[in-house]
There are 4 protein chains.
Amino acid sequence: MLVVMQHKATQDEIDVVCEAIAKMGYTPLPMPGEQRTAIGLIGNDGRVDDSQIVGLAGVAQVIHVSKPYKQVSREWRSGNTLVTIAPGVTVGGNEIVVIAGPCSVENEEQIVTAARAVRAAGATALRGGAFKPRSSPYSFQGLGRKGLELLAVARRETGLPIVTEAMDEAGAEQVAEIADCIQIGARNMQNYSLLKSVGRLNKPVLLKRGMAATITELLLCAEYLLAEGNNQVILCERGVRSFDPAARNMFDLNAIPIVHRLSHLPVIGDPSHGTGSRDQVTPMARAAVAAGADGLLVEVHPAPDRALSDGAQSLHPEQFIRLMQEVRAISQAIGRSVSPSPGTAALQIG
Amino acid sequence: MLVVMQHKATQDEIDVVCEAIAKMGYTPLPMPGEQRTAIGLIGNDGRVDDSQIVGLAGVAQVIHVSKPYKQVSREWRSGNTLVTIAPGVTVGGNEIVVIAGPCSVENEEQIVTAARAVRAAGATALRGGAFKPRSSPYSFQGLGRKGLELLAVARRETGLPIVTEAMDEAGAEQVAEIADCIQIGARNMQNYSLLKSVGRLNKPVLLKRGMAATITELLLCAEYLLAEGNNQVILCERGVRSFDPAARNMFDLNAIPIVHRLSHLPVIGDPSHGTGSRDQVTPMARAAVAAGADGLLVEVHPAPDRALSDGAQSLHPEQFIRLMQEVRAISQAIGRSVSPSPGTAALQIG
Amino acid sequence: MLVVMQHKATQDEIDVVCEAIAKMGYTPLPMPGEQRTAIGLIGNDGRVDDSQIVGLAGVAQVIHVSKPYKQVSREWRSGNTLVTIAPGVTVGGNEIVVIAGPCSVENEEQIVTAARAVRAAGATALRGGAFKPRSSPYSFQGLGRKGLELLAVARRETGLPIVTEAMDEAGAEQVAEIADCIQIGARNMQNYSLLKSVGRLNKPVLLKRGMAATITELLLCAEYLLAEGNNQVILCERGVRSFDPAARNMFDLNAIPIVHRLSHLPVIGDPSHGTGSRDQVTPMARAAVAAGADGLLVEVHPAPDRALSDGAQSLHPEQFIRLMQEVRAISQAIGRSVSPSPGTAALQIG
Amino acid sequence: MLVVMQHKATQDEIDVVCEAIAKMGYTPLPMPGEQRTAIGLIGNDGRVDDSQIVGLAGVAQVIHVSKPYKQVSREWRSGNTLVTIAPGVTVGGNEIVVIAGPCSVENEEQIVTAARAVRAAGATALRGGAFKPRSSPYSFQGLGRKGLELLAVARRETGLPIVTEAMDEAGAEQVAEIADCIQIGARNMQNYSLLKSVGRLNKPVLLKRGMAATITELLLCAEYLLAEGNNQVILCERGVRSFDPAARNMFDLNAIPIVHRLSHLPVIGDPSHGTGSRDQVTPMARAAVAAGADGLLVEVHPAPDRALSDGAQSLHPEQFIRLMQEVRAISQAIGRSVSPSPGTAALQIG
C-alpha cells in the first residue's frame, strides 16, 4: 500500500500517517519527492484495511499495490482449480464445458425437449431458471420449487447435470438439494448474505459478474465463497453495462485472459446475455473460446418465439447444433476440446 | 410499444407479429415505411411483457413507449407522495430532511456522540450502519443486532429517528423492530427477494440507486415495494459508476429533476457516497438541494480519522455545522426550508 | 512514480528497472514487500514519460503519484486565474458569468433577437455557433463566416461579447478575428493540432470536456494551450457519456469542485448539453452555481420550436428570465453575484 | 421516426406535430394509445432532421426507427465492400489482413527492422506513427514528415504497404502522398473537418472508433467519408472507455458482428489498444478473428523495452510469430485464411 500525501502536507501529518501504519503492525517507509511525499506500507499480508489511513489529515490518495483478495489469487495458489459439477464434468481443465438450455423452466415438455436437444448437439450440462430475477414485478418470476423438480426430470431423461440460479437463502437450500451447481446471478453478485449462505452449502457455484462490476470486485465476491471454505467456484463473464445501446450489454471478453492471470479459478463466457441478440451469440461464443474461456453458458429454447423470457437471445436448437460445430473447430485450433456430454465416449466428438 | 421489423421482413412475418399482439389482448397497428414496417401496439396498460414478441422472426427491435412501471409513475398519481418516517419528520413536502451520522455504528459512545453532534447542527434523522455490505470479507462487517440496539439508545438520547440498512430477510425483520426507516443499499437494489420481504414490513423504506442502475431500473425496483402494498418509499441518488477515477462515483444530480418528472415519490441525495471525498461533500450537498432534492444523506463521524469504514468521506462535526448553514441558505433561495430536528421549534432554524 | 513489480519478478528485473530510472535522471528507491517489490522514482518533475519503464520485463504496473500536467495545476500556481473575455467581463473571480444564446446562428433576425433577449434578462455574453460539428453529414452545418459576421452585428446591437466555436485551424483564425473567446467543443477536446493552433492565437479559450474525458485528460488538453503561452483558458463541464438513456448526457457537477482543487483555471457548467432537456436546464443551472461553477453556458432561442439544432434543450426567452432570477438567488446564498451585462450598472441586478 | 407525445399532450399539440411532419414532406400517422399518443412519420428517406420536431410543445421523445446513416448501411448496399490498400492487399474479402508494426516510427533502423520482422512472420501491411496524438504536450509527438519518409524506406525494403495516421488537413496531404492507407485515430473520429478533407483525398481510410463512440456514431463518421465520394473505408474496433481499470480499454468485440450486420464496410480489430497489455494481445487477436474481424492491427516493436510510446502493449517479434500461427489456425477453423504478404505465394502460408 502506498499513501500519497498532499503537496503541502506537513511533517507532522506525515508522522501521524507513519504512526498509524506502525500501529496496524506494518512498517512505514516515507519517500520524499520533489512534489510530494509518498509513504510505503511494508509487510502487507492482503488484509490491510485502509479505512484507518484514508481519512487522516494531509492524505491525498491511498494506492493499493497488493491485491485486496487472497485465496482466489494465483499468487495464493498457482495451479488451476478444477471444479467438478458431476462425475466426468470438470471445469477448468483442457476441456471446454458447454452449459445450455432455456432461460426459464416453463413446463415439463419444454425443459425435457430442450435438454434432449442440447444433449443431442453435444452440450455438457443443462441450464434453466426456476427462480428468475426480473426487472419488473409484473413479469414471469419462474416456477420456483416446481421448476427445480422439472429440472430433475430433465436430468433423469438425459443424464445432463443441472446448473440453476438461487436468489436468496431459502431458495439456495432448495437449489442445493436438487441441482449440481448453484448459480449466483449478476444482480446478486454483491448480495453478501447470499454469498455467505451459498458458500456454506458445499456445492459447486457459478458466480456471474455484476452488471458493472470490476474484475477485482468479481474476485472479491468469489473470495466471500472461498472464505466460507468452498473453493469449487466458476466465474462467468456475461457482459457489462455500457454507453452503447447497440447491444444489451458489452461482452468483455478480455476479462477472460485477465481472470486467468489473476486467479486460479475457471472462467466461462455467456454470449447470450453478453450480446442479447440471437445472431451475435454464435460468433461471440467462438470468440469466447478463442479468448481462452473454460466453458460457455448458452440459452437455447425449443421455440424461442414462445419463450416466457429472453426469447430474443435464445438460439433455435438447429442454431445450437451449428454453434457446437464451430466451437469444436475453434477448440481444436487452440489445442483444446469440448467436454462430451456425461456418458458419451469422447471419440464421437469432433 | 412499437415493434420495428427488419428491412427485409416478409408480409408473413409482419402478420405473425400482428397475431401475437392480438393474442396478448392488444390491437396491432402496422405502419409501412420506405425502409421498413413498424407495428404499433395499441392499448398498452403498462404490463406488456415483450418477451413473446422480441424473439419472432423478422423483428429488428422492440421500442417501449409506455413506461414499464406503473404505481410509481406520476401518470398513476400526480401529487407528491409524502413519506413520514417519524412524527413530524416527513419527506417529500416543502421541507428538506437531512439524515446524518456515521457510516457504521461502532460503539455506544461513538454513536451517541455522533447523534448529539448532528442533532446540535440541526439534522432531522440519524443514519448509522449495523449490517454493513463490504467489498472484502475481511473488512469490518458491522455490529449487527448489537448495532441496532445502540441506535435505539442514540434515538432515546436525541429524539432523532433512525435510518439503517438491511441486507437480508432476517436482518430486515430485526431492523423493522427497531428502526424508523429501512434502507436498501445500492448493492441490493435489485435483490428482488429482499425487496419483496421489505415491501411487506409496513415500514418506510429508503431505496438507494444501484451502482450502475438506470433511473428506469430504480423506479422498477421501487415498483416491487409498491406492488407489495407499501408506498412509503424514498428514493436516493448516491452516485453511479463511471470511467473517471477522479471521484469514487459520479454523482448524477440530474437524476433528481428526472425522478421528480417521472414519479411522485420523494428523492434525496447522498453526497458522501456520491463523491467519496470529504472536501466535495459540502458543495455537492448544496448542489443537490439546488437541483431539487427532498433531503440529504450525509456521513458525519465524531473522529473520521478513527472511523472503521468510509473515513475519507465522513465529515468532521464542525464541517457538518457549516454544511447545514449553507444548505439552509440554498433552501431559502429556492423557497424551501430545512426540516427541523423532531421536537425543535421551527423558528430556531434559519 | 511507483513501479510495481510482478510477484515473481527476479532481482535482475528489479535491477534493470532501477537502472532505467537512473538513466532518465531520477533516483530509484526499491521497497521490497511481502508479496512484491515496488520501486519509487524520486525527483519527478512532472515530465516523466513512463514509456521506457512500462514495457520492461517483470513490471506489473506503473502508478503515477505526480500529476501528468504542470502549468494548469494549482501546485504550479495557487491563486485563481482570471480570464477576461471583454472589458468588464472576467471569469474566475467572485462574479458568475452567464453566456447565453442559440445553438446555431441562423440569420440576422434570429441572432439579434436572441442577443437582445438574453441581454434583457441579464446575460453577460452571447453564444451562438457559426461552425457546427454535427453527427450526421446531412444535418445543418452552420453558416460559417457569414455566421461570424452576424454575431458581430449582434454584439454591436447589444454590447455582449461573443463566444463561438472553431473546428479547425482555418476556422480558428476566422473566429479569432471576430469573436471575443474561442470555444473548442467536446468532440475536438483531444484534437491536438487544433489545440496548438488555438493556443497561439492569443485569445481567451473556452475548452469543453470531451464526451468521455476524465478530468485529468481535460486538464492535459488545457496544458496544450498553456504550453503555447496562453493561460486565458476557461474549462467547461458539459455532461459525459453514461449507460443511462434517461438523459442525453450525465452532467458531472462534481467535476466543478474537483477542478477547483486541482487547477487554478476557472470552470463553468453547461446545463443545456449536460441534460439535453429543456425542463432540466434550470434546476441544473442552479445546481451548477451551488456546486461552485464560475459561470454558465445556456442555450436560449427566440423560438425553440423552429431551431435548426438542439431545439429540445433550448430555453424560451421567458424561461431564461426565470433561470436568471433563480441563479441570482443561489449566487447570493453562497456569497457570490452574477456578473452584469457589460455597460450595465451593477445595481440594477438583484 | 416515431414522435411520442407526453401523457397530457393536447389535441392541439398533436396537430402541430402532424403539421410539422407534413411541412417536412413526410406523412404523419397518429397512433392514440391508452397512456399517450405516438405519431409515426411515414416516408423517412434517412435524411430526416428531428430538430424541428423535438422542441415542439407536448413532445416527450423522438424515436428513430430508420438509421441516421445511409450510404454506409447494408440496406443501401447489401454486398461487402472490398477495400484495396495495395495491389493484392484487399480488406473485406475472405482473407484476413494483418497490419503490424511499432506504435511510432523512431528512426530508420527501428522501422526497417520492425518491417522485416513482421514481414517474416507473415504480416500483410506495416503500421507506424509519424504524427502521434499524445495525451501530454510533453510526450514524444512523432517524427512528422521525416517519419513518413522512413516508412517509405521500410516499404521499399519489404514490399509492405503503409498504414499511418493523419491528425490534421496539412498532415493528411503529406500522409496521402506517401502512405497507402490513411488512419484517422480514435481521438479524431469526430473531427469532422478532418473527415471531410480526408474523404476528398481519394485514398483508402482506416477509421478507428472513438473512445466512447457508439457504433451508430462510428458509422455516421464513416458516412462523412462516403458523402465525399470515398467508399474505401475500413472500420476499426480498438476498445472503448469503461469503468474497470483492469484494462486500458474495454475491447468491444461484439462490435464486429454488429457492424457486419449494419454495414457493408469491412471491420478490423486492434487488440493492442483494445487491451493495453502485451499478455492479452494474442488471446484477444484470436478472439477478434473468431468473432469475424476482417483484419487485425497489432503493435510490434523490435525492442519494446526501449519503445518511445506504447511499450507495454507492443509485442516482441517472437511473440508476433506465435500470434500469427495462432491467428492462422483460428482463421482456418472458420473457413478463412490470412492474407499473405504482398509478393508472397499464398501456399507458403498455413
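**Exercise 1. In which hand does α9(B) pass α10(B)?**

A word on the ground rules before we work it out. This is a predicted model, in which local features need pLDDT of at least 70, side-chain atom pairs count only at pLDDT 80 or more, and totals for chains, interfaces and linings use all residues. Residues are numbered from 1 along each chain as its sequence is written, while chains are lettered from A and ligands numbered from 1 in the order in which they are written.

*Solution.* 

Step 1. Find the helices: α9 of chain B spans residues 278-291 and α10 of chain B spans residues 317-333. Helices here are DSSP runs (H or I, at least four residues) and strands likewise (E, at least two), numbered from the N terminus.

Step 2. Take the axes, which are lines fitted to C-alpha atoms, for helices over the stretch in contact, with angles from 0 to 180 degrees between N-to-C directions. The two axes come within 9 Å and cross at roughly 25°. That makes α9(B) roughly parallel to α10(B) (angles under 35 degrees count as roughly parallel, over 145 as roughly antiparallel, 65 to 115 as roughly perpendicular and the rest as oblique).

Step 3. Read off the hand: α9(B) passes α10(B) in a right-handed crossing. A crossing is right-handed if the near helix is turned clockwise from the far one by less than a right angle, and left-handed if anticlockwise.

Step 4. List the partners, counting two residues as in contact if their C-beta atoms, placed from the backbone, lie within 7 Å. From α9(B) come B:Thr282, B:Ala285, B:Arg286, B:Val289 and B:Ala290, and they meet residues of α10(B) including B:Leu323, B:Val327 and B:Ile330. By class, this contact has six nonpolar, three polar and three charged residues (Ala, Val, Leu, Ile, Met, Phe, Trp, Tyr, Cys and Pro are nonpolar, Asp, Glu, Lys and Arg charged, and the others, Gly among them, polar).

**Exercise 2. Describe how α5(B) packs with α6(B).**

*Solution.* 

Step 1. The axes of α5 (residues 192-199) and α6 (residues 215-227) of chain B come within 7 Å and cross at roughly 40°. The pair is therefore oblique, and its crossing is right-handed.

Step 2. On the α5(B) side, B:Tyr192, B:Leu195, B:Lys196, B:Val198 and B:Gly199 meet B:Cys221, B:Tyr224 and B:Leu225 of α6(B). The classes come to six nonpolar, one polar and one charged.

**Exercise 3. Which symmetry relates chain C to chain B, and what forms their contact?**

*Solution.* 

Step 1. The same surface serves both copies, as 100% of the contact residues of chain C recur in chain B.

Step 2. Each chain gives 32 residues to the contact. On the chain C side, α6, α7, α9 and α10 each supply at least two residues, and α9(C) has the largest share, eight residues. This side has 19 nonpolar, eight polar and five charged residues.

**Exercise 4. How many residues of chain A are in contact with chain C?**

*Solution.* 

Step 1. The count is 23 residues of chain A with 23 residues of chain C.

Step 2. On the chain A side, β1 (2-5), β2 (27-32) and β3 (37-42) give two or more residues, with the largest share, three residues, from β3(A).
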